[in-house]
Amino acid sequence: MNRRSLARRLRRPETRRFLAFLLTGGLAAAVNVASRVVFDLVMPYEAAVVVAYLVGMTTAFFLARLFVFEASGRSLHVEYGRFALVNVAALMQVLVVSVGLAKLAFPAVGLHWNAELIAHIVGVLSPVLVSYQGHKRFSFA
């Protein structure tokens, strides 16, 4: 792909919206991971992943509502409910990936250094494309 072709793609509204989704989602993911580290101090890893996901999801909702998607015309509560429904599937994926890597895959290959942190970061990043489509077509449609 040449520079001119790339520049044209970046000017497309859908491309700009997806990039905004990635940026706001990245910030929400950082909030998710940071809060999981704090929650680890008072609860088991699996519970900390779930509670941190809720914190990150709420952050993602408000950022997406402000910077990514246009208003749907629904109330805040309805949009948040729809956003949460999309995130239930994503949470299952995050949990399976995070716990699967931290408890099974990484120990099997001898990775112990920050295994839970690395697993959680990979888990949080895993549902990006599916979440974008779900929020575009359902949460804020």
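In the predicted model, helix 2 buries Ala20, Phe21, Thr24, Ala28, Ala29, Asn32, Val33, Ser35 and Arg36. The cover over these buried residues includes helix 3 (45-67), helix 5 (115-125) and helix 6 (128-139). Helix 2 itself runs over residues 13-39 and has 27 residues. From its first C-alpha to its last, helix 2 reaches 38 Å. This is close to the 39 Å expected at 1.5 Å a residue.

Two packed helices are described by the angle between their axes and the distance between the axes. For helix 2 and helix 6, the angle is about 120 degrees, and the axes lie 11 Å apart. The crossing of this pair is right-handed. Helix 2 contributes Glu14, Arg17, Phe18, Phe21 and Leu22 to the contact. Helix 6 contributes Val128, Leu129, Ser131, Tyr132, His135 and Lys136. By class, the contact holds 6 nonpolar, 2 polar and 3 charged residues.

Helix 3 was treated in the same way. Its 23 residues should span 33 Å at 1.5 Å a residue. The end C-alpha atoms of helix 3 are 32 Å apart, which agrees with that expectation. Buried in helix 3 are Tyr45, Ala48, Val49, Ala52, Tyr53, Gly56, Met57, Ala60, Phe61, Leu63 and Ala64. These buried residues pack against helix 2, helix 4 and helix 5.

Two of the buried residues of helix 3, Tyr53 and Met57, are touched by Asn87. Asn87 sits in helix 4 (residues 76-108). Its relative accessible area is 7%, under the 20% cut-off, so Asn87 counts as buried. A polar atom of the Asn87 side chain lies 2.7 Å from the backbone oxygen of Phe83. Beyond residues up to four places away in sequence, Asn87 also touches His135.

His135 leads on to Ser139. The side chains of His135 and Ser139 are joined by a polar contact of 2.7 Å. Ser139 lies in helix 6. With a relative accessible area of 0%, Ser139 is buried. Leaving aside neighbours within four places in sequence, Ser139 is in contact with Arg74, Glu79, Arg82, Phe83, Val86 and Gly134.

Asn114 lies in the loop between helix 4 and helix 5. Most residues other than glycine have a negative phi. Asn114 is not a glycine, yet its phi is positive, at about 55 degrees. The relative accessibility of Asn114 is 36%, which makes this residue partly exposed. Arg12 is found in the loop between helix 1 (3-11) and helix 2. Arg12, at 48% relative accessibility, also counts as partly exposed. Along the chain, Arg12 and Ser131 are 119 residues apart. Their C-alpha atoms are separated by 20 Å.

Notes. Residues numbered from 1 in each chain as written. Predicted model: local features only at pLDDT ≥ 70, side-chain atom pairs only at ≥ 80, totals over all residues. Heavy atoms only, no water. Helix = DSSP H or I, 4+ residues; strand = E, 2+ residues; numbered from the N terminus. Buried < 20%, exposed > 50% of the residue type's maximum accessible area, 1.4 Å probe, protein only. Polar contact = N/O pair within 3.5 Å; in protein donor to acceptor, adjacent residues only side chain to side chain. Contact = heavy atoms within 4.5 Å. Expected span 1.5 Å × (residues − 1). Axes fitted to C-alpha atoms, helices over the stretch in contact; angles between N-to-C directions. Left-handed = near helix turned anticlockwise from the far one by under 90°. Nonpolar A, V, L, I, M, F, W, Y, C, P; charged D, E, K, R; others polar.
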